[in-house]
Amino acid sequence: MDTIEIASSGTETTQNYEDRNGIERVALQDLSYGEFFERYMRPNRAVIITSVADGWDCFKRWIDRSVHPHRLDVQFLRGKLPNLTVPVADCGKQQYNAHEKTEMKLFDFLDCWDGQRNAEVRSRYYLKDWHLRSAVPEYEFYKTPPFFASDWLNEYLLDRGTDDYRFVYMGPAGTWTAFHADVFGSFSWSVNIFGEKLWYLLVPGEEAKLRDGLQNLPFRVTEDELQNAGVRYCTVNQRPGEAIFVPTGWYHQVLNVEDAISVNHNWFNACNVAAVWRNLRAALQDVLREIDDCRDMENFDEHSQLMLKASFGMDYADFVDILCYICDKRMALLAAEGESRKGDPPAEYTLGRNHAAFDLVTIETLLSAVLESRAFSSTPAVEESASTTGVIAKSLQLWCRGK
Ligand SMILES: O=C(O)CCC(=O)C(=O)O
Ligand SMILES: [Fe+2]
């Protein structure tokens with residue numbers, strides 16, 4: 001499956017799968033990109049896809065499967081990777097609503113993993129949010145599964161040569177990730193290459209039942225607490241070679257039931273970019289409430305955007321910039337001769353023309369929404385979006401006529 005494509009420009013109605021219980025498991029060979037798009041990504045439903053990592057170097061080489069139980073091949077990793085400084089969460093310490101973060105040398109972490117230290121010490125340090133792919137770009141130790149290849153966030157960031165949202169997680173048994181929803185309201189995918197993880201996943205909105213009097217969410221949830229609060233949730237065990245698709249806004253908590261290693265990305269695209277926009281707007285409203293008494297100050301808008309960037313990780317100009325960048329690329333794709341064009345990240349995949357058109361329709365809607373948003377007065381970024389919207393409209397007209 002080298003082209004990622006959908007059935008039409010995305011105007012068909014999606015079947016409603018909401019009423020099904022639990023999280024389905026589907027084998028990679030039984031699921032086309034179009035089916036994943038219609039059944040899971042657009043309706044924002046979680047799914048497990050099996051056998052996605054068979055060809056990956058990390059799946060084949062990092063794990064010694066000639067022994068029982070299988071072990072991490074520490075010797076191989078020490079030979080393959082430099083002794084990088086890596087981010088580590090200390091599962092013994094809480095800082096705000098996450099575990100305290102620290103740093104370690106990779107080889108020290110691996111020694112700790114491999115050593116005979118007692119279980120309590122071993123289950124403390126969780127190597128997570130490790131940008132290994134960008135730290136060692138020449139080592140292609142995995143390939144993004146096609147289902148997750150429409151990724152505006154990493155496409156934009158990687159083309160710009162800046163930060164990315166592509167990670168490796170290495171957690172000894174007992175390490176865990178606190179209750180949270182993902183950055184910006186993004187999707188995430190995670191593929192286990194070793195060991196087993198237990199996920200608790202809440203249907204969006206259900207987390208409200210867990211808020212305390214100050215509207216704070218818990219750091220940790222237990223099944224008893226979820227049941228007592230009448231929360232609708234699912235649990236699923238993710239095994240080696242399995243990908244989990246975590247939809248937008250689904251709060252989750254994850255436990256490494258065994259020593260576990262996974263590759264994961266956060267991303268957004270035409271299916272969930274509206275949710276990112278809603279979250280961005282809500283985050284700006286929070287900032288505005290906080291600094292309401294400074295409304296008369298000079299450069300108030302600029303200041304509020306700075307605060308937005310600090311708290312949310314993205315401001316309006318960043319968001320518009322991503323939309324305009326993707327818009328330009330999709331227009332170039334549609335304008336190109338022939339069926340499709342190579343070179344759309346991840347570079348292994350080609351984006352189909354229907355998909356490009358679907359992306360453009362979504363971007364146009366979003367840019368119009370940004371323009372209409374009264375919370376944001378006129379700045380160069382918004383003016384740019386205004387002119388881009390006009391160009392999109394023209395391009396869409398040409399596209400429709402050509403069909
Ligand atoms: O595997 C973990 O510990 C957490 C992963 C996660 O939160 C995610 O993929 O969104
Ligand atoms: Fe997450």
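## Helix packing and a ligand shell

The axes of α11 (316-335) and helix α12 (residues 353-372) come within 9 Å and cross at roughly 145°, with axes fitted to C-alpha atoms over the stretch in contact and angles run from 0 to 180 degrees between N-to-C directions. This is a predicted model, in which local features need pLDDT of at least 70, side-chain atom pairs count only at pLDDT 80 or more, and totals for chains, interfaces and linings use all residues. Residues are numbered from 1 along each chain as its sequence is written, while chains are lettered from A and ligands numbered from 1 in the order in which they are written.

Helices are DSSP runs of H or I with at least four residues, and strands are E runs of at least two, numbered from the N terminus. Here is who meets whom, with contact taken as C-beta atoms, placed from the backbone, within 7 Å.

| α11 | V320, L323, I326, C327, R330, M331, L333, L334 |
| α12 | R353, A356, A357, D359, L360, I363, L366, L367, V370 |

By class, this contact has 14 nonpolar, no polar and three charged residues.

Helix α11 also meets α7 (residues 152-160): the buried residues of α7 pack against β9 (166-171), β16, α9 (273-290) and α11. Those buried residues are W152, L153, N154, E155, Y156 and L158, buried meaning that 20 or more other C-beta atoms lie within 10 Å of a residue's own. After α7 comes G161, with a positive phi near 70°.

Now to ligand 1: the residues surrounding it include Y169, D182, K197 and H252, where C-beta atoms lie within 6 Å. Strands β11 (187-194), β15 (252-256) and β16 (260-267) each give two or more residues to this shell.

Key. Buried ≥ 20, exposed ≤ 12 C-beta atoms within 10 Å, placed from the backbone. Contact = placed C-beta atoms within 7 Å. Nonpolar A, V, L, I, M, F, W, Y, C, P; charged D, E, K, R; others polar.
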